[in-house]
Amino acid sequence: MRATAKASANIAFIKYWGKRNADLRIPMNNSISMNLSNVYAQTSVEFNKNLTRDVVTIDGETLKDKENKRVIKHLDRVRKIAGNKLKAKVISNNNFPKGTGVASSASGFAALTCAVTKALELSLSEKELSILARLGSGSACRSIPDGFVEWKAGRTSKGSYAHSLYPPKYWDIRDIVVIVGEKEKKVSSTKGHSVSGSSLFFDTRLSKMREKVKEIKKAMKDRDFSKLGEIIEAEAINMHAVMMTSKPALFYWLPETVEIINSIIKWREQGLELYFTLDAGPNVHVICLGKNVARVKRYLSSVKGVKRIIVNKPSVGARLIG
Ligand code: PMV
């Protein structure tokens, strides 16, 4: 009763910010993302009759309190489906810093869902895995299918899941994650989602979502990179405007974040085609075409405050390994 799975983090082109149902993690709007080849979690699970309690270790640290409860709640969900009461040992490792806007909960809960269901000998469809992963962490449902992904918001738990729009090889797009801060964020995205509706701009944002999703899907279908980049960038600014104007106001950016954003705009004016997006953290995701990676990397290395960069191609979704 042992299994190991690997799942990538994903970057949202159209964001999930605000929930229709907080307990079930049903979002207010559809979102669109790309799985990232170089930021991932690898999770092993073992159910054993000699264990008297669940033990969860992430990046070498045994989890406590809230985080531990959240993982155990997820184990309970799967135990309930499988009709099994055995306790588990969970060991998970990320290859990137936790809680810095690189969506560690997405890769973590996607890998956990795959490993736990396999270890408990359940055979679930991709859709069922996506629904289950979503209950652990919303954006985790998008790390289950391959490549470029859409999460259909739905109105019920069964109707809220992600599916693949295109496989990873469809488009040679890169997401260069620029790490400027490695500290865990002060306000979790779970808390952020819950206050999103307090922003004056939230309803306006939502009213444009359907159209925006339609537009980005067309840009993806046409492989129109300029259109895609324009939508992605405006969407990230839109979400952060909601964050900054909610009560309490949430500022996830650092001075270095703004420095990089300004540099990207400058380089674009000089003829290098690149765009930015950000999740709930200070790190900037630079979106460009594969042919421009070397140049973008060179440019980025000249900006002060850049701690590290991680170049990602589009990736497959969660997989069992070993
Ligand atoms: O799944 P959560 O609760 O970590 O929320 C993710 C929220 C954003 O990363 C900011 C946007 C998104 O769609 O991934």
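H2 passes H3 in a right-handed crossing, a crossing being right-handed if the near helix is turned clockwise from the far one by less than a right angle, and left-handed if anticlockwise. The model is a predicted one, in which local features need pLDDT of at least 70 and side-chain atom pairs count only at pLDDT 80 or more, while totals for chains, interfaces and linings use all residues. Residues are numbered from 1 along each chain as its sequence is written, and side-chain values use heavy atoms, with hydrogens and water left out.

The axes of helix H2 (residues 104-119) and helix H3 (residues 126-136) come within 9 Å and cross at roughly 125°, where axes are lines fitted to C-alpha atoms, for helices over the stretch in contact, and angles run from 0 to 180 degrees between N-to-C directions. That makes H2 oblique to H3, since angles under 35 degrees count as roughly parallel, over 145 as roughly antiparallel, 65 to 115 as roughly perpendicular and the rest as oblique. Helices (H or I, at least four residues) and strands (E, at least two) are DSSP runs, numbered from the N terminus. From H2, Phe-109, Ala-110, Thr-113, Cys-114 and Thr-117 meet Leu-129, Leu-132, Ala-133 and Gly-136 of H3, contact meaning heavy atoms within 4.5 Å. By class, this contact of H2 with H3 holds six nonpolar, three polar and no charged residues, with Ala, Val, Leu, Ile, Met, Phe, Trp, Tyr, Cys and Pro counted as nonpolar, Asp, Glu, Lys and Arg as charged, and the others, Gly among them, as polar.

The crossing of H6 and H7 is left-handed. Among the residues that meet here are Ile-216 and Ala-219 in H6 and Leu-228 and Ile-231 in H7, and the contact of H6 with H7 divides into seven nonpolar, one polar and four charged residues.

Leaving aside neighbours within four places in sequence, Phe-47 is in contact with residues including Met-1, Leu-75, Leu-86, Val-116 and Leu-120.

Several loops carry backbone features. Arg-25, in the loop between strand E2 (19-21) and strand E3 (26-27), has a phi near 50°, a positive value in a residue other than glycine, and Arg-25 is buried, with a relative accessible area of 11%. Glu-121, in the loop between H2 and H3, has a positive phi of about 60° although it is not a glycine, but Glu-121 is exposed, with a relative accessible area of 66%. The peptide bond from Lys-247 to Pro-248 is cis, with omega near -5°, and Pro-248 is found in the loop between helix H7 (225-244) and helix H8 (255-269).

How values were computed:
Buried < 20%, exposed > 50% of the residue type's maximum accessible area, 1.4 Å probe, protein only.
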